[in-house]
Amino acid sequence: SFSVALRRRLRREHSKAQTPLTTMSSSKKTLLTFDVDGTLIKSVGENANRFHKNAFSYGFQKIFGLDTTIDVVSHHGSTDKLIIRSVLEYHKIDAERIENELENVANAMIEYATENIHD
């Protein structure tokens with residue numbers, strides 16, 4: 001999933017910098033989780049789940065050149081990869097191309113997150 005992959009990438013980056021995640025802050029720890037479909041927290045309004053939605057949009061634009069959001073499909077209770085498939089199917093992208101590029105979209109989402117984590 002997106003949050004697991006993001007956690008892995010952040011760990012790799014911190015290990016490259018030789019800064020273990022456990023030493024980042026001895027008194028304060030941060031839990032990063034994504035709840036794009038509102039399962040854990042009901043979020044409403046224009047900025048609801050903005051970070052995660054922006055990561056999807058970035059992936060669709062980077063890999064497929066699509067200017068879209070996940071809001072074009074019903075995504076409640078869906079995994080990230082199912083959401084990616086559903087949005088691309090909505091835009092009539094060929095099923096074989098979706099399968100071939102699925103991981104690239106997920107990786108682009110992680111790229112977005114790592115570059116924008118402090119926004």
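Reply: Let us begin with a contact in this predicted model. In α3, the residues D80, K81, I84, R85, L88 and E89 meet I98, E99, L102, E103, V105, A106 and M109 of α4. By class, the residues of this contact comprise seven nonpolar, no polar and six charged.

Me: How is the geometry of such a pair described in general?

Reply: Two packed helices are described by the angle between their axes and the distance between the axes. Here, helix α3, residues 80-90, packs against helix α4, residues 95-116, at an angle of about 120 degrees, and their axes are 10 Å apart. That angle makes α3 oblique to α4.

Me: What is the handedness of the crossing of α3 and α4?

Reply: The crossing in which α3 passes α4 is right-handed.

Me: Which residues join α2 to α3?

Reply: From α2, the residues H52, F56, F60 and F64 meet D80, I83, I84, V87 and L88 of α3. The residues of this contact divide into seven nonpolar, one polar and one charged.

Me: At what angle do the axes of α2 and α3 cross, and within what distance do they come?

Reply: Helix α2 spans residues 50-64; its axis and that of α3 cross at roughly 55 degrees and come within 12 Å. The two helices are therefore oblique to each other. The crossing of α2 and α3 is right-handed.

Me: Which residues of α2 are buried, and what follows the helix?

Reply: The buried residues in α2 are H52, K53, A55, F56, S57, G59, F60 and F64. After α2 comes G65, which has a positive phi, near 70 degrees.

Me: Is V87 buried or exposed?

Reply: A residue counts as buried when its relative accessible area is under 20%. V87 has a relative accessible area of 0%, so V87 is buried. This residue lies in helix α3.

Me: Which residues does V87 touch, leaving aside those up to four places away in sequence?

Reply: With that exclusion, V87 touches F60, T68, T69, I70, V72 and V73. Take V73 as an example: V87 and V73 are separated by 14 residues in sequence, while their C-alpha atoms are 6.2 Å apart in space. F60, also touched by V87, is among the buried residues of α2.

Note on methods:
Residues are numbered from 1 along each chain as its sequence is written. This is a predicted model: local features need pLDDT of at least 70, side-chain atom pairs count only at pLDDT 80 or more; totals for chains, interfaces and linings use all residues. Side-chain values use heavy atoms; hydrogens and water are left out. Axes are lines fitted to C-alpha atoms, for helices over the stretch in contact, and angles run from 0 to 180 degrees between N-to-C directions. Helices (H or I, at least four residues) and strands (E, at least two) are DSSP runs, numbered from the N terminus. Angles under 35 degrees count as roughly parallel, over 145 as roughly antiparallel, 65 to 115 as roughly perpendicular and the rest as oblique. A crossing is left-handed if the near helix is turned anticlockwise from the far one by less than a right angle, and right-handed if clockwise. Contact means heavy atoms within 4.5 Å. Ala, Val, Leu, Ile, Met, Phe, Trp, Tyr, Cys and Pro count as nonpolar, Asp, Glu, Lys and Arg as charged, and the others, Gly among them, as polar. Buried means under 20% relative accessible area, exposed over 50%, partly exposed in between (1.4 Å probe, protein chains only).
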